[in-house]
Amino acid sequence: MKFKLKIGPSSESDIILPRKIAELLPGTDIVESKLIIYLYAACSDGLSQFDAASLSGKLPEEFEKDEIARALSFWRGAGVIEIAGKKAPKIADMLPVETDKTKITVTSGLQTRAPLFDPEKKPCYTSEELSAAIDNKKEFKQLLAFTETRVKKPLNTTELSILYSFYDYLALPTDVIMLATEHCVAEGKKSLRYIEKLLIAFCENGINTYDAAEAYIQRYVKYKSFEGKLRAMCGIGERELTKNEKTAVGEWSQDKFYTDELIKCAYEITVNAINKPSISYMKKVMDRWRADGIDTPEKVAEEYSKSKSAASSCDRSFDTGDFFQAAVEKARRA
């Protein structure tokens with residue numbers, strides 16, 4: 001597997017490490033620290049791609065290939081390197097996690113999967129168990145150093161227990177845990193409980209690799225961005241979306257058919273038909289458009305102006321009275 005640096009050197013003559021890497025170095029071991037310094041120097045000299053095999057002959061002889069592979073995994077989890085020429089894998093539609101105190105349900109498309117995570121069976125670790133984990137489990141010790149660096153504080157016993165449950169109970173790879181932590185911190189959410197919700201979503205969806213986790217996060221970010229725009233358009237506010245609304249929003253956010261312009265068309269037609277915004281009504285309108293191959297505002301205008309002797313073009317604001325009248329009548333008959 002070939003990798004490349006995500007953050008390139010800032011100078012061809014000097015090695016200048018990004019602040020993010022400098023912050024993480026105190027928690028790294030000798031292999032991880034020497035590896036990243038070498039990579040920045042080598043990439044300044046033209047190295048563009050690398051893997052554990054190609055690096056094993058260029059680093060000190062005592063560094064085994066599997067140690068280098070582990071170090072690459074660490075820096076990948078930290079978001080410093082990525083697979084060269086990678087494409088996000090295709091995975092099932094993934095929507096937000098709905099949680100309460102006793103169950104966790106993950107909605108995916110039109111299906112609801114049975115929860116695999118049981119909070120009542122989650123272990124409660126003693127101080128002795130946690131100390132032993134830090135002393136004897138090298139990967140967890142590195143994960144702890146990474147987490148404390150990213151959340152910018154030492155973890156207390158409760159937080160340490162939560163972090164260890166990611167590694168021990170959820171049994172997720174450290175690079176996946178690090179990726180989830182990076183994402184949550186970037187959102188301004190540094191709570192271990194918040195990170196836990198995302199990791200549980202990974203487990204519920206059978207996600208246990210970096211690539212699948214990254215694809216999930218990308219889809220989730222896209223969903224939340226789209227949901228925010230739709231909430232603003234429809235004046236929904238902060239109320240929880242219904243299951244059917246989430247399904248519709250999830251479909252619209254992931255399918256390129258549903259452009260912003262087409263959704264605005266459906267919104268305007270809905271408001272003029274029933275005098276209020278309605279995601280379910282918009283879905284009914286756009287489902288019919290999809291079945292009929294109507295995928296642009298111009299085609300929408302053409303569809304609703306066929307009965308007119310002189311078709312009028314549909315502008316972006318959809319202010320044409322004739323257009324609305326025909327659109328409303330058509331939508332009501334659907």
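I started with α6 and α8: Glu139, Leu143, Phe146, Arg150 and Val151 in α6 meet Thr174, Ile177, Met178, Thr181, Glu182 and Val185 in α8. Contact here means heavy atoms within 4.5 Å. I sorted these residues into six nonpolar, two polar and three charged. Nonpolar covers Ala, Val, Leu, Ile, Met, Phe, Trp, Tyr, Cys and Pro; charged covers Asp, Glu, Lys and Arg; the others, Gly among them, are polar.

The model is predicted: local features need pLDDT of at least 70, side-chain atom pairs need pLDDT 80 or more, and totals for chains, interfaces and linings use all residues. Numbering runs from 1 along each chain as its sequence is written, and side-chain values use heavy atoms, without hydrogens and water.

Next, geometry. Helix α6 (residues 138–151) packs on α8 at about 5 degrees, with the axes 11 Å apart. So α6 is roughly parallel to α8 (angles under 35 degrees).

Then I checked the pair α8 (residues 174–186) and α10 (residues 210–234): the angle is about 20 degrees and the axes are 9 Å apart. That makes α8 roughly parallel to α10. The contact uses Asp175, Val176, Leu179 and His183 of α8, and Tyr210, Ala213, Glu214, Ile217 and Val221 of α10. I noted six nonpolar, one polar and two charged residues there.

Last, Arg70, in helix α4 (residues 65–77). Is Arg70 buried or exposed? Arg70 is buried at 18% relative accessible area (buried is under 20%, with a 1.4 Å probe, protein chains only). Its side chain makes a polar contact with the Glu32 side chain at 3.0 Å (a pair of N or O atoms within 3.5 Å, one able to donate a hydrogen and the other to accept it).

Notes
Axes are lines fitted to C-alpha atoms, for helices over the stretch in contact, and angles run from 0 to 180 degrees between N-to-C directions. Helices (H or I, at least four residues) and strands (E, at least two) are DSSP runs, numbered from the N terminus. Angles under 35 degrees count as roughly parallel, over 145 as roughly antiparallel, 65 to 115 as roughly perpendicular and the rest as oblique. Buried means under 20% relative accessible area, exposed over 50%, partly exposed in between (1.4 Å probe, protein chains only).
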